[in-house]
Amino acid sequence: MKRRSFLLGTSALTLSQILMGCAENNKPRLYVKLMKDSIPAQVVTQFSSGLKAQLKFSPAEQLKDLYDQLKARQQKADTKAEGWSRNLPIPQLNRNAAKADLVTLGDAWIAQAIQQKLIQPIDVTKMEQWSMLPQRWQELVTRNNQGQVDPQGKVWGVPYRWGSIAIVYRQDKLKELGWTPKDWSDLWREDLRGRISLLDQSRIVIGLVLKKLGKSLNTENLDKVPNLEKELFSLDQQVKFYSSTKYLEPLITGDTWLAVGWSSDIVQVMGRYPQLAAFIPQSGTALWSDVWVSPVGQNSELLSYQWMDFCLTSKIAKEISLLTKGNSPIPVQIAATDIQTSLRNLLIIDSEVLAKSEFLLPFSPKVDAQYQTLFSKVNG
């Protein structure tokens, strides 16, 4: 295990089950459903040290799985409230056993979760470390009741890890061409025609074209962006295929020479395939964040707030960043030598590049439809 560590993946369930099983039923409990590999197991161990409580950390393979579980739980609760089973004498402990106190969501899921009343606001006055978060991270999770970013809204989540959309390429193949990519504009080079794989995501693909044109990723009126459709069609000629799950395999086999993808996916393969290199484009990119959210109806506040605070302390935030090969939302001192050489261009982001980067903010259904229509027109 690298760095003498292991992450909370599906094989790490044993740890959480032992912590839960050894505790007495009358002790406080904390049940966390989280994204696989987003928290090191030793961080949980440090949190549990000396803590007289029941702890259970249950990882999921994908963020969509966690969102679906939140949704299914709410639908089940609504059905019970309306049906005959509401009067059954079910013990309180059993009813609560499967209910998570905190859940990981990606920032892109927050708006839907708010709109469908799956999560509840977080009282950040109960968090000592909230003020450690830079303003842009606080703004990301401050939303109104429609899920839109709103400085007058409530806080709906606590970011604990983030990453980006990056470019990964075959060093051997591009060396033969005599150049090294640096920005989104390089995707339009003639010698990459038919050699690129892109995510099958309208916001990402149209977004990188917008960045090439010097526009915001959150541009709402696409009709007013000169040459957008022309550039998008031109990029499509460069693409061998679109996929949100299988875009790295052809890069590894050499069927494609360059791919655009999530940094969390890319770091998983970089160590095994030294012919790969990755970087953040100079004109900025899209950012994503893993966020703790509180499901509607949960009341185990003390342990929940203690855990979220714990994740934002400098020492623990640094461990999460280094051991999960991600980035910390709070400022931490990480030396370049602490990071694997091949990952430095991916994880150490220049402040100017970061300033040009953006989170993909939620759109109205009308604007979403505009993006989908244009994307389908190009690759459909």
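A residue counts as buried under 20% relative accessible area, as exposed over 50%, and as partly exposed in between. With a relative accessible area of 22%, Lys-325 is therefore partly exposed. This residue of the predicted model lies in the loop between helix 13 (314–324) and helix 14 (344–347). Lys-325 has a positive phi of about 55 degrees, although it is not a glycine. Most residues other than glycine have a negative phi.

A positive phi also occurs at Lys-117, again in a residue other than glycine, with a value near 55 degrees. Lys-117 is placed in the loop between helix 5 (110–115) and strand 4 (119–120). Its relative accessibility is 60%, so Lys-117 counts as exposed.

The description now turns to a pair of helices. Helix 8 (residues 202–212) packs against helix 16 (residues 365–379) at an angle of about 85 degrees, and their axes are 9 Å apart. Because of this angle, helix 8 is roughly perpendicular to helix 16. Helix 8 contributes Ser-202, Arg-203, Val-205, Ile-206 and Leu-210 to the contact, while helix 16 contributes Tyr-371, Gln-372, Leu-374 and Phe-375. Six of the residues in this contact are nonpolar, two are polar and one is charged.

Confidence in the prediction remains to be considered. The protein chain has a mean pLDDT of 88, and 87% of its residues reach 70 or more. Over residues 10–18, however, the pLDDT is below 50, and this stretch has 13 contacts in the model beyond near neighbours in sequence. Residues 80–97 likewise stay under 50, with eight contacts beyond four places in sequence. Where pLDDT is low, the predicted coordinates should not be read in detail.

Definitions and conventions
Residues are numbered from 1 along each chain as its sequence is written. This is a predicted model: local features need pLDDT of at least 70, side-chain atom pairs count only at pLDDT 80 or more; totals for chains, interfaces and linings use all residues. Side-chain values use heavy atoms; hydrogens and water are left out. pLDDT is the predictor's confidence in each residue, from 0 to 100. Contact means heavy atoms within 4.5 Å. Axes are lines fitted to C-alpha atoms, for helices over the stretch in contact, and angles run from 0 to 180 degrees between N-to-C directions. Helices (H or I, at least four residues) and strands (E, at least two) are DSSP runs, numbered from the N terminus. Angles under 35 degrees count as roughly parallel, over 145 as roughly antiparallel, 65 to 115 as roughly perpendicular and the rest as oblique. Ala, Val, Leu, Ile, Met, Phe, Trp, Tyr, Cys and Pro count as nonpolar, Asp, Glu, Lys and Arg as charged, and the others, Gly among them, as polar. Buried means under 20% relative accessible area, exposed over 50%, partly exposed in between (1.4 Å probe, protein chains only).
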